[in-house]
Amino acid sequence: QPVASGFYDPKFAGGDFPQPFGSSAALSSKSPVQTSLAPPASATWQGGVGAAPAPSRRRGSNNFGRYLADKGFRILLWVWAALTLAVGVYALWLLAGVIPDEDFRIVSEIGWHIQCGSLLVLLVAVTLLAVFGVLVACAAFVVGYSEVRRSLRTLETSAGLLGFGIIALVIISVVCSDRCRPHATRVANLVCQETDIWGCTQKRRLGLGIDALSFEQGLDGGGPRTCSLVARLCQPPAGFNASTACVCSGNWDVAPAGTQAEPLGDTPWNGTIGGFCGAWGGGIAGEWCFVTPGTRCAEGRVTPLSNSKNVTVAASNGPCSASVDARSKCLPAGFENMLGALQVAGILGFSLVLLAIFAALLLRYPSKTTLQTTVTMVQPMPPGQALLQRFEDAQREAVRRLNDQTPEELKMMLYGFYKQAKEGDVKGDRPGYMAKRDDQMKYDYWARHRGMPSEDAIEGYVRTVAMLP
């Protein structure tokens, strides 16, 4: 029932009661003030003071904001894991398309015979690491949800090692590709200068210089595979013009007396010069070959020479440089397909490294329990519940702070307070002298709190956590 309050009745003005001030002054003009012993249904009690509750829509947004603040690194880990997974799947799709591609197989085979290493083996190794990278990205979702420290450390280590491994292999593959590409192009150009001498129509054996001879010996010497490979290799690229392209023309000259020509064995080029890139002398420094007069190269220059028949011909070292054009359409395509897949694989490597960094951040700053309020009446947390909440928060803080440099004394103090709070007094006898020293210390630090209530043990645990560096 409402009751009359005379505390601010005007008749007491100037008496022993203090004058009202603030919001109470407005009430002093009314006498008596009708109040209720029970708060309104809509009131919110916090420390005994009634206040109107916040609108429900704001309460929901505040809860969501607190969730983001508490679990920011977990969400960041999940988001980056999703991006890494997407990049990894795309990289695997590209790599799986390049490895069986015939253009890339030709590039890899030429690179092997010119001693540039096996590009195919490198690409397969990158693919295997990318598969493991995708698996690690999938595991990051589960690890991020559980936030188990051992799992987070494993995720951090595996993602970092895989990321750096993929980056290293990509760098090696790109360097090998750049080093091999000009020489492989010159070998392919030499193969395609006169395709009829490969023996597809005439049973003749051909070795084009030391590297081309090795490449030809790796085939079946004029069999079906040789002819199909040459047919694919020697398809010219769109817009190719042999009279202006930076390629050797295929013309040759008899080696002058006393010239040390490259030993080519039983081939049409034995004892000749200028048919392909070589250090033929003739007043031109470095490697050169005969070209058409209209040849245009970004490097080198066209030099007129007189051949053995006193006919002026053109020679250039441009086709023997990195600016050489390709007579083959499949050779540049094979290199470009490989480099495109390697670029995405490199991005996957960087994504895995960042995933490892986010796992380390989550390990360093674990998520806290977000308290979600679903009732309209917000009441003060009971003392026991507040103490338990402090205990849980202190445990998370201890996990965050503990490391190998933490003094043993503080570790044992935490152990003793924790066991007393969770299990009560220690049970059993003290480990004997044959037991490990750690077991004895744990028993002693637990036993020193015998008879201590769990509330006091929790307070001791919280204070000890605050002492951690």
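**A walk from a buried loop residue to the cores**

Glu 147 is buried, with a relative accessible area of 15%. Let's start there, keeping in mind that this is a predicted model. Glu 147 sits in the loop between H5 and H6, and its phi is near 55°, a positive value in a residue other than glycine.

H9 gives the most, with 17 residues. In total this core has 56 residues, and those with the most contacts inside it are Ile 110, Leu 119, Leu 123, Leu 233, Met 338 and Leu 355. In soluble globular proteins, nonpolar side chains tend to be buried together.

Setting aside residues up to four places away in sequence, Leu 123 touches Leu 95, Val 98, Ile 99, Phe 104, Met 338 and Leu 342. A second, separate core has 18 residues, among them Phe 391, Ala 398, Met 413 and Tyr 445.

Our last stop is another loop, the one between strand E9 (312-316) and H9, where Ser 321 lies. Is Ser 321 buried or exposed? Ser 321 counts as buried because its relative accessibility is 12%, below the 20% cut-off. A polar atom of its side chain lies 2.6 Å from the backbone oxygen of Gly 318. Beyond its neighbours within four places in sequence, Ser 321 is in contact with Pro 182, Arg 186 and Glu 299.

Conventions. Residues numbered from 1 in each chain as written. Predicted model: local features only at pLDDT ≥ 70, side-chain atom pairs only at ≥ 80, totals over all residues. Heavy atoms only, no water. Core = buried A, V, L, I, M, F, W, Y, C linked by side-chain atoms within 4.5 Å. Buried < 20%, exposed > 50% of the residue type's maximum accessible area, 1.4 Å probe, protein only. Helix = DSSP H or I, 4+ residues; strand = E, 2+ residues; numbered from the N terminus. Contact = heavy atoms within 4.5 Å. Polar contact = N/O pair within 3.5 Å; in protein donor to acceptor, adjacent residues only side chain to side chain.
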